[in-house]
Amino acid sequence: MGKIFGLTGSIASGKSTVSNYLKELNVPIVDADVIAKEVVEIGQPAFKKIVEAFGSEILLESGEINRPFLGSIIFNNKEKRLQLNEIVHPEVRREMKEQADRYIKQGEPLVILDIPLLYEGNSIELVEKVIVVTVSEENQLKRLMNRNGLSKEDALLRIASQIPVKEKAARADYVINNNGDFEDTKIQVKDLLNKIIS
Ligand SMILES: CC(C)(COP(=O)(O)OP(=O)(O)OC[C@H]1O[C@@H](n2cnc3c(N)ncnc32)[C@H](O)[C@@H]1O)[C@@H](O)C(=O)NCCC(=O)NCCS
Ligand SMILES: Nc1ncnc2c1ncn2[C@@H]1O[C@H](COP(=O)(O)OP(=O)(O)OP(=O)(O)O)[C@@H](O)[C@H]1O
């Protein structure tokens, strides 16, 4: 029977970098961020609930959700963040489970669920073991500011909206240290994969 493992970290710690390497190594990935975008598209049940909860001012002229604007609301307000999570997360979990089960039925030996909020939400029950991609606070802040063009204050707010990556690493079954260069991380990913599926 194939294994279902979780991959997590904190914002800009390097989950996508690691999951891209895993994809190159032919490991099927189920990506929570991608599914979280699909379940809030126009016409989906979560879309309607979000507009009811947050008002039509969160919509673009095209009728789609203005994601940066909704982000500016929920990353500044814990109550609103939890409200959004309550709408979106159950849909994301259901879809992730379906996709993972499908891969296992196809005979895959390992499926990775890439879930940024694995420890914050109720996703732990979906996976057997957890891989955490860790990074120093300094590198995390630097990479987040660079990637998203955020000010230091906004980047720190986003980092503070998640459990610190150090705490996640302490709870993990496997840790990938993403403080080195890309090649260094790639080597760790290959070694880990050999360990898991051998
Ligand atoms: C707030 C939204 C609209 C912002 O969209 P945007 O396109 O700017 O960002 P994106 O979705 O790519 O998320 C980027 C990162 O932000 C972090 N993040 C997103 N949502 C949350 C949240 N509710 N709480 C804490 N961190 C979050 C994650 O690390 C994620 O990888 C969007 O993130 C959202 O709908 N969030 C709620 C759903 C969710 O929790 N998604 C995360 C995985 S399930
Ligand atoms: N080892 C590394 N050296 C230098 N830059 C890196 C390294 N790993 C990742 N980065 C860069 O840091 C940024 C964050 O990495 P990545 O997108 O993989 O993180 P993430 O954990 O998936 O983030 P999020 O949760 O926000 O989606 C990206 O711009 C990426 O190119």
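## Basis of the description

Because the model is predicted, local features need pLDDT of at least 70 and side-chain atom pairs count only at pLDDT 80 or more, while totals for chains, interfaces and linings use all residues. Residues are numbered from 1 along each chain as its sequence is written, and chains are lettered from A and ligands numbered from 1 in the order in which they are written.

## Around ligand 2

Ligand 2 is surrounded by 15 residues, of which Lys15, Ser16, Thr17, Arg143 and Arg147 are the closest; a residue is near a molecule if its C-beta atom, placed from the backbone, lies within 6 Å of it. Two or more residues each come from α1 (15–24), α6 (137–148) and α9 (182–197), and the largest share, three residues, is that of α1. Helices here are DSSP runs (H or I, at least four residues), numbered from the N terminus.

## How α1 meets α9

The axes of α1 and α9, which are lines fitted to C-alpha atoms over the stretch in contact, come within 10 Å and cross at roughly 55°.

## Ser151

Ser151 lies in the loop between α6 and α7 (152–160), and it counts as exposed (12 or fewer other C-beta atoms within 10 Å of its own) because it has 10 such neighbours.

Notes: Axes are lines fitted to C-alpha atoms, for helices over the stretch in contact, and angles run from 0 to 180 degrees between N-to-C directions. A residue is buried if 20 or more other C-beta atoms lie within 10 Å of its own, exposed if 12 or fewer, and partly exposed in between; C-beta atoms are placed from the backbone.
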